[in-house]
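Thank you all for coming. I would like to take you through one model this morning, so please have it open while I talk.

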Amino acid sequence: MCGIFGLITKKKDVPVAKLIREGLQRLEYRGYDSAGIALVHDGKIECRKDSGRIADINKDGWFDSMEGSFGVGHTRWATHGPPVAKNSHPHLDCKEKIAVVHNGILENFQQLRKELSERGHEFKSDTDTEVFPHLIEEYIEKGMDLKKAVIETVKQCKGAYGIVVCHADTPDYMLVARKESPLTIGITPGETTYCASDIPAFLPLTKTAYILDDDEIAVLYPGQVEIFDIETNQKRHRDPMTVQWSMDAAAKTLDGKEYKWFMHKELHEVPRKIREQFKMPQSDIDAFAKTIMDADQVFITAAGTAYYACLAGKFQITRFGGPYIQSILCSEFKDHLPEIPPNSVVMAVSQSGETADTIEAVRYARENYGAKVCSVVNVVGSSLTRYSDHVIITTAGPEIAVASQKAYCCQVSALSMVALRIAELKGEMEKDEVKKYHEALIETGNVCDEILKKEDNIKSIAKAVSEKTNFYYLARGASMAAALEGALKIKEINPKAHAEGYAAGESKHGPIALIRDGFPVVFVAPPDETYDRLIGNVMEMKARGGLIISVVADFDEKISELSDYTIEVPIKNNKYAITMSAVPFAYTLQILAYHAAEINGFDVDKPTNLAKSVTVK
Ligand code: AGP
């Protein structure tokens, strides 16, 4: 939510403005309603900002033509005030010497703004952010240096922030500080330092990074970084880390092919990403399995797509002998659980590791009730990893498209590995049986490769239903997660249509009232223990004129015969492959949603009103 990218360098002839603009564009998935850049040049701040997409704002090189030796940019997802030029970041102080960009929400900004206005400060925007430059200005007027002034400022501010501060009179450095909003630092030692909300922003420039912790401030010199504790102003030693993601992960190219959309490229990465997931350290799987088995109560929590991965994962864990796991949306977690029993475990799943509600849920359980936290996270060093006892890192790599897909496939794959390890440790299932399930799970990458070979068929079905404005996605049991995920994908990226994921058995208790001739109903129909009952639901919908689109195994006969359109998932005809087919079934629906959105001409990667990491509660 909001993207920040800044840069300070001692290298001569560097197109600073252009590099910042490009870095911001790599972060546009975090927010894309307005953008701005401030550069320090000859003792002055030059600031340009406007509403709209960065490419449009920069059409005539408006950003790129800015001059300056260092500075910062911001791409916004509006919270306080509509997306218009005056509310775009950076924001400046009264004397226009200080520029600040911010990601997060200040809870006490109204009070601070009132006090600052009474003391004569003039506000130009509706934002909470604008209190930062004015407060810093005051502290500097009281004689503090920039770092001390920023420290005193953030101590006044309640809420979440990741900020970058540039001052026209301090050309040697800029400052970053964070609390509950992500900020990472990239460095080319001795030459250039970058700061960004997410690592992909500087990935094409460097793989050497520092992750800032909560309540830390860092002074960024060209090619050098100093980190301090905000409370004590004590310097903190931190070794840089090497980012494992490949440099071209932030580009739309895969195997030499240029994709139009990140989502399409990322969908094509799924088979290899799943294979990498299965190579995750055995020690991580063991830690999860043992912690879950030792707990008296287990909860699982997340938001959006990650929550549906939770549903798929918990089903597998329970099916393979693990405890019943209570799933709760992270935004509902505290309200549903006014108390958490002793010896509980909270499992959390997140692509970004920065979703505010997920972090709030695990912190609530851990800090108030001593719950252990096991999290499945895609971003190394993200906030969630720091509130966790055990972490499984997913191998999806940077997921740039706002609509999550490869992260989901890796999350479910990882949780399925945990489920099988629980079966092994419990010893109630024959070792040979567990081995066969394991072999079937490992096949997932190959199955997804085969699905991609049928992409044209999926695309033709997407075309056939592209004019539809309502969909039901129905399933039973383990496939509920896929149905919910398939419907969410349609809602996110094909906003022409409303889609609802529903339990098939529940559909006759209300949803069926909407069925008319040609109303599309997507059935997720693997040949598992729910299959025969699902046929009844297909018949009910068909009898009322529903247009039946079924996702079935490629050896299916009954449901495909009843369907208007069929997507075949190429799995083996045995119980091992069927039980381990959660990812392939969901994957076909992600591909279907992608093509529906692409055919309808939507911005697939940056859907209206959405941001990839929801870092506000
Ligand atoms: C998924 O397509 C969405 N972008 C959204 O539902 C997302 O899954 C959710 O916001 C959780 O994000 P996280 O995985 O980064 O925690």
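Predicted model: local features only at pLDDT ≥ 70, side-chain atom pairs only at ≥ 80, totals over all residues.

Residues are numbered from 1 along each chain as its sequence is written, and side-chain values use heavy atoms, with hydrogens and water left out.

The protein chain is divided into domain 1 (3-243), domain 2 (250-442) and domain 3 (452-617), with bounds that come from an automatic or database domain assignment. Between domain 2 and domain 3 the buried area is about 3600 Å², with carbon and sulfur atoms giving 66% of it; buried area here is the accessible area (1.4 Å probe) that two parts lose on being put together, summed over both. Trp261, Tyr308 and Val402 supply 20% of what domain 2 buries against domain 3, more than any other three residues.

Twelve of its 16 residues are buried, so H8 is largely enclosed by the rest of the structure, buried meaning under 20% relative accessible area (1.4 Å probe, protein chains only); Tyr308 is among them. After H8 comes Gly321, with a positive phi near 95°.

Helix H6 (residues 262-277) bends by about 45° at Val270, and Pro271 follows within four residues, the bend being the angle between axes fitted to the seven residues ending there and the seven starting there.

How values were computed: Buried < 20%, exposed > 50% of the residue type's maximum accessible area, 1.4 Å probe, protein only. Helix = DSSP H or I, 4+ residues; strand = E, 2+ residues; numbered from the N terminus.
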